[in-house]
Amino acid sequence: MTGDGKKKSVTPANEIAMAVLNAIQNAVILVDEDGYIRFANWEAEAFFGASASYLARHTIYAYIPFGSPLLALIEQVRERRAPVNEYRVDLSSPRLGSDKLVDIYVAPVLTEAGSVVIVFQERTMADKIDRQLTHRAAARSVTGLASMLAHEIKNPLSGIRGAAQLLETSVTDEDRALTQLICEETDRIVSLVDRMEVFSDERPVDRAPVNIHSILDHVKAVAKAGFARNVKISENYDPSLPPVHANRDQLIQVFLNLIKNATEAVGERPDAEITLTTAYRPGIRMSVAGTREKISLPLEFCVVDNGPGVPEDLVPHLFDPFITTKTNGSGLGLALVAKIIGGHGGIVECDRQNNKTIFRVLLPASRGNAGEPTDAKTQGN
């Protein structure tokens with residue numbers, strides 16, 4: 001009973017169960033003894049690329065490649081009537097798509113003979129979360145290093161430069177070249193420290209709904225007028241994307257860094273091309289930096305180049321400070337990208353597919369008036 005004496009309505013147990021299953025951020029299906037998919041939650045519909053009603057008319061064998069370890073796991077669970085786990089199972093197929101590497105949990109339904117529940121966790125999502133946590137830790141470590149450098153190195157350098165300038169007035173022309181070298185090198189170190197001081201700036205930034213396509217168009221114009229004037233830059237945009245909740249200036253800095261990185265990767269090759277893409281990719285949720293809140297990251301922005309790619313052993317450390325493949329690079333550009341995107345509660349990662357290097361940024365959509373994330377793809381920007 002409620003406080004006013006009225007009988008409290010009770011939600012049916014099956015509706016509660018459905019709501020719980022649909023809230024799970026992993027694909028969950030129920031397969032009966034004949035192999036038919038009796039139930040699929042929302043994530044499973046996205047995983048298989050079909051509605052639950054369509055899946056119910058087909059068996060699991062229509063979607064899983066012949067000889068897949070999953071089929072053996074199902075039989076094992078049916079025989080032993082005990083749950084099993086299997087990690088890093090490749091379910092890639094023409095029907096499910098490429099790069100379907102998953103962790104699998106299979107459990108028997110004791111009340112229905114031969115039926116099993118299967119839970120799929122895509123490894124790409126787990127790896128994204130692991131990499132994102134690594135990137136945030138790297139950003140925090142370089143933040144402390146930046147503060148130390150600014151205090152312990154930058155101030156003495158000004159004294160060294162001043163002494164070199166005084167010496168320059170009283171030495172021979174031959175020695176003057178040495179004093180000039182001292183000044184140039186101290187200026188270079190100060191410039192490096194100045195760049196690192198960006199990492200120690202933890203002040204909150206102003207964010208607002210921004211149109212990602214206007215940002216990318218602006219960045220493209222800047223790049224074509226300067227460092228990327230000889231590189232073809234094409235676009236593949238989804239015009240129906242909602243606004244992104246971000247700081248415009250910081251996103252410009254992020255994509256300038258990524259496009260500059262791509263330009264240097266393609267070099268002078270005659271077929272050099274960079275592609276900018278935007279898309280709506282629901283399903284990934286992450287914790288917002290500094291809060292307990294979890295938000296969806298449905299907005300995907302990519303910078304794709306056809307350069308030689310990043311060495312495989314370097315990929316896990318690519319966003320760490322001072323990691324670079326360039327001879328004269330400082331290794332701070334991608335670290336700054338990781339810091340900015342992490343501060344926005346997003347993910348940045350690097351993949352290699354079809355001989356192309358893809359830098360992928362996932363960010364939350366702009367919030368609605370009620371303070372909830374805007375998930376509707378159709379909301380214009």
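Modeller: Here is a short walk through the cores, the helix packing and the strands.

Modeller: This is a predicted model, where local features need pLDDT of at least 70, side-chain atom pairs count only at pLDDT 80 or more, and totals for chains, interfaces and linings use all residues. Residues are numbered from 1 along each chain as its sequence is written, and side-chain values use heavy atoms, with hydrogens and water left out.

Biologist: Thanks! How many residues does the largest nonpolar core have?

Modeller: The largest nonpolar core has 41 residues, and those with the most contacts inside it are Val244, Leu251, Phe255, Leu258 and Phe301. By nonpolar core I mean a set of buried Ala, Val, Leu, Ile, Met, Phe, Trp, Tyr and Cys residues joined through side-chain atoms within 4.5 Å. Buried means under 20% relative accessible area, with a 1.4 Å probe and protein chains only.

Biologist: Which element gives the most to this core?

Modeller: That is H8, with eight residues. Helices are DSSP runs of H or I with at least four residues, strands are E runs of at least two, and both are numbered from the N terminus.

Biologist: And what does Phe301 touch?

Modeller: Leaving out residues up to four places away in sequence, Phe301 touches Ile212, Leu241, Val244, Phe255, Thr277, Thr278, Phe359, Arg360, Val361 and Leu363. Contact here means heavy atoms within 4.5 Å.

Biologist: Switching to helices, how do H8 and H9 cross?

Modeller: Their axes come within 10 Å and cross at roughly 145 degrees. Axes are lines fitted to C-alpha atoms, for helices over the stretch in contact, and angles run from 0 to 180 degrees between N-to-C directions.

Biologist: Which residues of H9 make the contact?

Modeller: On H9 they are Gly333, Leu334, Leu336, Val337, Ile340 and Ile341. H8 brings Gln250, Leu251, Gln253, Val254, Asn257, Leu258 and Asn261.

Biologist: Nice. Now E14: is it mostly covered or mostly exposed?

Modeller: Mostly covered, as seven of its eight residues are buried. E14 pairs with E12 in the antiparallel sense over seven bridges, and Glu300 stands opposite Leu362 in E14. Two strands pair if DSSP finds at least two bridges between them.

Biologist: What about E13 and E14?

Modeller: They form a hairpin with two residues between them, and Asn354 in the turn has a positive phi of about 50 degrees. Arg352 has Thr357 in E14 as its bridge partner.

Biologist: Last one: what order do the strands of the open sheet have?

Modeller: The order of the five strands is E2-E1-E5-E4-E3, with antiparallel pairing. The edge strands E2 and E3 each pair on one side only.

Note on methods:
Buried means under 20% relative accessible area, exposed over 50%, partly exposed in between (1.4 Å probe, protein chains only).
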